[in-house]
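Trainee: I should like to go through the reasoning behind several assignments in this model. Please set each value against the criterion that applies.

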Amino acid sequence: MGFFCLFIKMLKKKFATQKPCLRFGLAEFLGTYILILFGCGSVAQMELSGYEKAQFLSVNMAWGFAVTAGAYVAAGVSGAHLNPAVSFAMCLLGRMTWMLLPVYCVSQFAGAFLGAVTVFGLYYDALHTYSEGNWTVTGPMSTAGIFATYPSDHLSIPNGFADQVIATAALLACILAITDEQNCPAPKGLQPFLIGVIVQLVGMSMGLNCGYPINPARDLAPRAFTAIAGWGFEVFEAGNHWWWVPVIGPMVGAVVGTLAYVLFIEIHHPTDTEMTSGTVTRRNKPSDSRKTDPPEYELVQTAA
C-alpha cells in the first residue's frame with residue numbers, strides 16, 4: 001500500500017465525523033467553493049482577456065456547469081443546495097429542519113468567500129496587467145464585477161428587485177419540478193445536470209439587467225472579499241447601494257417560486273389509494289421521515 005493511501009487512512013481515523021451538521025456543512029462549503037471557482041473564474045477570463053477568450057454565452061454555460069459540478073460534489077451528503085434561497089425554500093417545505101438553516105448558510109457563504117479568494121489569486125497577475133493595479137468598481141476598466149454583480153445603467157432598484165424575485169422564483173419552480181417524485185422527476189444522477197441547464201437558461205434569458213445573481217451567498221460573500229482586498233467599501237455603495245438586492249430578492253423569490261409550485265402543482269397530487277378508473281392511479285403519500293432524515297438531493301443554486 002502506497003504512502004498516500006496510508007496518509008488517507010490516517011486522516012480518516014483522526015478526522016472522520018458522523019455528525020450530520022458537520023458533514024452537511026463541509027459538503028455545502030466545498031460544493032459552493034466549486035461553484036464560485038468555476039463561475040467567477042469564467043467571468044474573470046472574459047473580462048481580463050477583453051472578451052477574446054470568452055463571451056457572455058460561454059459565461060452563462062460556465063455558471064450552469066459550475067452549478068452541476070458543485071452539486072455532484074455535495075449532493076450525496078447535504079443535498080447540494082449551494083444557495084441560501086434554496087435552503088430557505090427547503091425549510092419552508094418542511095424538507096429540512098430550521099436548525100440546519102444557519103449551518104447551510106454559513107457554509108455556503110464561507111465556500112463562496114474562499115472561492116472568490118482563489119479566483120483572485122489565480123488571476124492576480126492578469127488583474128494587475130489589466131487595471132495596472134487599480135482596483136475599480138465602476139468605469140470602463142472596472143474589475144469588481146468579476147466577483148459580484150452590479151446593475152446595468154438602465155436598471156432601477158425596484159426593477160432590479162423584481163428581476164431577482166422573478167428569476168429566483170422561476171429557478172425554484174423548475175427545481176421543485178425536477179425533483180418532484182409525484183410529477184415527472186429526473187433520475188437522481190441527472191438532477192444536478194438538469195438544474196445546471198436551468199441556471200444556463202436563466203442566464204441566457206434574464207442576464208441583461210444585473211447578471212442574474214439569484215444566490216445571496218454567490219453575491220454577498222465575494223463582494224465582502226473585494227471590499228477587504230482593495231476595492232474598498234464602494235462595492236457596497238455602487239449602483240445606489242445595490243448590494244442588498246441580490247441578497248433579499250432571491251430570498252423573496254424562493255418564497256414566491258415555492259408557493260407557486262405548491263399551489264399550482266404539488267397540492268393537487270393524489271396522495272392516497274384512489275379509484276383506478278379513469279386516469280387516477282395509486283400514489284403513495286410522501287413520507288414524513290424527510291423532516292428528520294439527512295436532506296436528500298432536492299436542488300441546488302443557483303448560482304449564477
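Trainee: How do you know that the span of helix 1 agrees with its number of residues?

Mentor: The model is a predicted one. Helix 1, residues 3–15, has 13 residues, and at 1.5 Å a residue these should span 18 Å. The expected span is 1.5 Å times one less than the number of residues. The end C-alpha atoms of helix 1 are 18 Å apart, which agrees.

Trainee: What makes you say that helix 1 lies largely in the open?

Mentor: A residue is buried when its relative accessible area is under 20%. Of the 13 residues of helix 1, the number that are buried is zero, so helix 1 lies largely in the open. For the protein, by contrast, buried residues make up 48% of the 304 residues.

Trainee: Why is Arg223 called buried?

Mentor: Arg223 has a relative accessible area of 0%, and the cut-off is under 20%; Arg223 is therefore buried. This residue belongs to helix 9, residues 216–231. Leaving aside neighbours within four places in sequence, its contacts include Tyr150, Phe236, Trp242, Trp243 and Pro246.

Trainee: Which elements does the protein contain?

Mentor: The protein has eleven helices and zero strands.

Technical notes:
Residues are numbered from 1 along each chain as its sequence is written. This is a predicted model: local features need pLDDT of at least 70, side-chain atom pairs count only at pLDDT 80 or more; totals for chains, interfaces and linings use all residues. Side-chain values use heavy atoms; hydrogens and water are left out. Helices (H or I, at least four residues) and strands (E, at least two) are DSSP runs, numbered from the N terminus. Buried means under 20% relative accessible area, exposed over 50%, partly exposed in between (1.4 Å probe, protein chains only). Contact means heavy atoms within 4.5 Å.
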